[in-house]
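Biologist: I would like a close look at one part of this model, and then some of what lies around it. Please take it step by step.

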Amino acid sequence: MLIIGIDDTDSERGFCTTYLAAVLIERLRASGYHVCTPKLVRLNPCARYKTRGNAAIAIPVEAEDPESIGQTALDTLLELSDLSGINTNPGLVIAERVTEEMRQFYRRAVTEILEIEEAKGILTAEGIWHRGFKNQRGLIGALAAVGSEFDDSTYELIAYRRRELWGTPRSLDEDSIWEADRATYPATWDTVDYSNRRIVFSPHSPDPVLFGIRGDDPDAIRRAFSMIRSEAPERCVMYVTNQGTDAHIIDMRGRDTCLNDDRSYRLRGSVAGKPRAIEGGHVFFPIDVGGRKIECAAFEPTKCFRKIVRSLIPGDLIEVYGSMKSSTLNLEKIDIISMEKQRRSRPPLCACGRRMESAGAGQGYRCRRCRTRSIEAEVLELSRDIEEGLYEVPPSARRHLAKPLVRMRDPRAHPSR
């Protein structure tokens with residue numbers, strides 16, 4: 001068994017690494033090779049040089065000699081890569097085995113920022129067939145894809161457009177998409193965004209992807225696909241993937257370690273200040289994590305999730321999931337563990353039935369009618385407009401790797417729909 005790893009062949013202007021993989025799979029099968037289920041491998045979403053999803057591909061092939069399929073893979077990569085893209089630096093790797101060092105490289109590529117020289121060092125030391133282009137950054141993702149081993153996995157069926165339609169508006173029947181979602185959710189998810197009434201499974205860029213259906217059950221995904229009316233796809237591929245698994249999250253609970261930008265974390269702490277909104281609709285608040293203040297942010301694209309954030313008060317014990325950028329944690333999920341009681345004080349009620357008034361700063365309260373005085377205010381406990389439990393950003397703002405609450409099977413979860 002050989003494993004082909006491919007990364008960094010597309011740009012924001014066009015082409016797509018998964019489309020290249022789809023074409024390569026078809027060509028390998030036409031040459032008589034048995035191709036197993038390909039992997040769609042999402043890597044660190046904080047990586048600076050990436051297209052939106054930061055995806056690499058691994059294709060297992062029943063073959064013995066890398067040279068026997070290397071030329072086909074190389075020709076396909078050169079044909080279907082956007083080498084004119086300033087940040088497009090393709091990498092192609094064909095490995096005969098997967099070592100523990102390669103598995104560790106994958107795990108780090110999902111959570112850290114790795115360097116090209118480290119990938120090239122492993123490839124050389126292991127004697128792995130590889131080709132890199134321009135600055136060869138794609139070798140990082142290609143090697144990580146080959147070494148990928150999923151503790152948790154989901155599926156995505158991606159339908160691709162006919163070549164003559166690339167760059168034109170996609171033809172999709174919206175009613176059929178909503179119907180397919182209703183018929184297969186929660187076995188499929190993130191096809192639509194109910195809270196914002198948006199279809200989110202189809203891109204708006206000029207790349208070859210028509211749409212992608214994600215879920216836990218391949219049969220449910222195929223059923224949803226059969227219900228959707230659209231322009232005729234050129235081809236379709238079902239990938240097994242680490243999407244929707246929180247593989248990028250580093251659990252820092254109980255660990256006293258510094259936090260770095262371009263990493264994603266799970267932290268437990270108490271709300272240390274009242275949430276505040278700034279221009280643009282973004283909401284910020286601090287949490288206290290072991291005596292250290294961490295700023296958290298819910299940005300405008302998270303929409304209704306910001307209402308949950310605005311409802312927090314100092315003292316609430318929470319867990320937050322998100323990525324660090326400029327020393328601020330950009331939120332993906334919140335788990336409200338326990339809530340502080342919210343109280344409001346007011347002048348007490350006099351025995352005569354009249355409500356007292358303030359007697360002046362530090363002088364308590366007095367009744368104008370009967371001159372009765374009191375030093376104690378009446379304290380009211382107010383109801384909170386949120387409950388304990390897990391909350392998430394809507395699908396339109398969700399990162400590919402972020403685990404939807406519908407997958408967590410947690411009775412405390414408040415899914416976005």
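Biologist: Which residue in S22 stands opposite Ser358?

Modeller: Keep in mind that this is a predicted model. In it, Ser358 stands opposite Tyr365 in S22. Strand S21 is joined to strand S22, residues 365–366, by two bridges, and the two run antiparallel. They belong to an open sheet of three strands, in the order S21-S22-S23, with antiparallel pairing. Strand S21 (357–358) and strand S23 (373–374) are at the edges of this sheet; each has a single partner strand, so one side of each is left without a neighbour in the sheet.

Another strand to look at is S19, which covers residues 328–338 and contains Asn330. Is Asn330 buried or exposed? Asn330 has a relative accessible area of 17%, and because buried means under 20%, Asn330 counts as buried. Leaving out residues up to four places away in sequence, Asn330 touches Ala297, Phe299, Tyr321, Gly322, Ser323 and Lys325.

Strand S11, residues 209–215, is mostly covered, with seven of its seven residues buried. Strand S7 (residues 154–160) is joined to S11 by six bridges, and these two strands run antiparallel. Within that pairing, Ile158 has Gly212 in S11 as its bridge partner. Strand S8, residues 188–189, also runs antiparallel to S11, and two bridges join them. Here Thr188 stands opposite Gly215 in S11.

Setting aside its neighbours within four places in sequence, Tyr239 is in contact with residues including Thr18, Ala21, Ala22, Pro38, Ile57, Ile158 and Tyr160. Ile158, then, is both a contact of Tyr239 and the bridge partner of Gly212 in S11.

How values were computed
Residues are numbered from 1 along each chain as its sequence is written. This is a predicted model: local features need pLDDT of at least 70, side-chain atom pairs count only at pLDDT 80 or more; totals for chains, interfaces and linings use all residues. Side-chain values use heavy atoms; hydrogens and water are left out. Buried means under 20% relative accessible area, exposed over 50%, partly exposed in between (1.4 Å probe, protein chains only). Helices (H or I, at least four residues) and strands (E, at least two) are DSSP runs, numbered from the N terminus. Two strands pair if DSSP finds at least two bridges between them. Contact means heavy atoms within 4.5 Å.
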